[in-house]
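This report concerns a predicted model.

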Amino acid sequence: MEFARQRDNAKINEILSVVYKALSDKGYDPVNQIVGYVISGDPTYITGYNNARTLIRRIDRNELLEELVAFYIDNKCK
């Protein structure tokens, strides 16, 4: 199971990188837009530029939130 989780982390990291860059390139605040998407589930928070909206929807929102919180805790609280 740990192996699968690492594979998912890489997928999430890759997708978030593309989404972050697309949002930045279009002049949006990536953090605010991603938070809006995670909270509401409304994909219009994510630009369609560079296929970012389609990519972010490939990740389950709960899984995305879990990975973001785990990353924060691992890097800020330990």
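## Packing of helix 2 and helix 4

Helix 2, formed by residues 30-40, and helix 4, formed by residues 61-76, have axes that come within 9 Å and cross at roughly 130°. Helix 2 is therefore oblique to helix 4. The crossing of these helices is left-handed.

From helix 2, the residues Tyr37, Val38, Ile39 and Ser40 take part in the contact, and they meet Arg61, Leu64 and Leu65 of helix 4. Classified by residue type, the contact between helix 2 and helix 4 consists of five nonpolar residues, one polar residue and one charged residue.

## Gln33 within helix 2

Gln33 is a residue of helix 2. Its relative accessible area is 17%; because this value is under 20%, Gln33 counts as buried.

When residues up to four places away in sequence are not counted, Gln33 touches Leu23, Tyr28, Tyr45 and Ile46.

Gly27 is located in the loop between helix 1 (2-25) and helix 2.

Gly27 and Lys76 are 49 residues apart along the chain, and 28 Å separates their C-alpha atoms. Lys76 belongs to the residue range of helix 4, 61-76.

Conventions
Residues numbered from 1 in each chain as written. Predicted model: local features only at pLDDT ≥ 70, side-chain atom pairs only at ≥ 80, totals over all residues. Heavy atoms only, no water. Axes fitted to C-alpha atoms, helices over the stretch in contact; angles between N-to-C directions. Helix = DSSP H or I, 4+ residues; strand = E, 2+ residues; numbered from the N terminus. Parallel < 35°, antiparallel > 145°, perpendicular 65-115°, else oblique. Left-handed = near helix turned anticlockwise from the far one by under 90°. Contact = heavy atoms within 4.5 Å. Nonpolar A, V, L, I, M, F, W, Y, C, P; charged D, E, K, R; others polar. Buried < 20%, exposed > 50% of the residue type's maximum accessible area, 1.4 Å probe, protein only.
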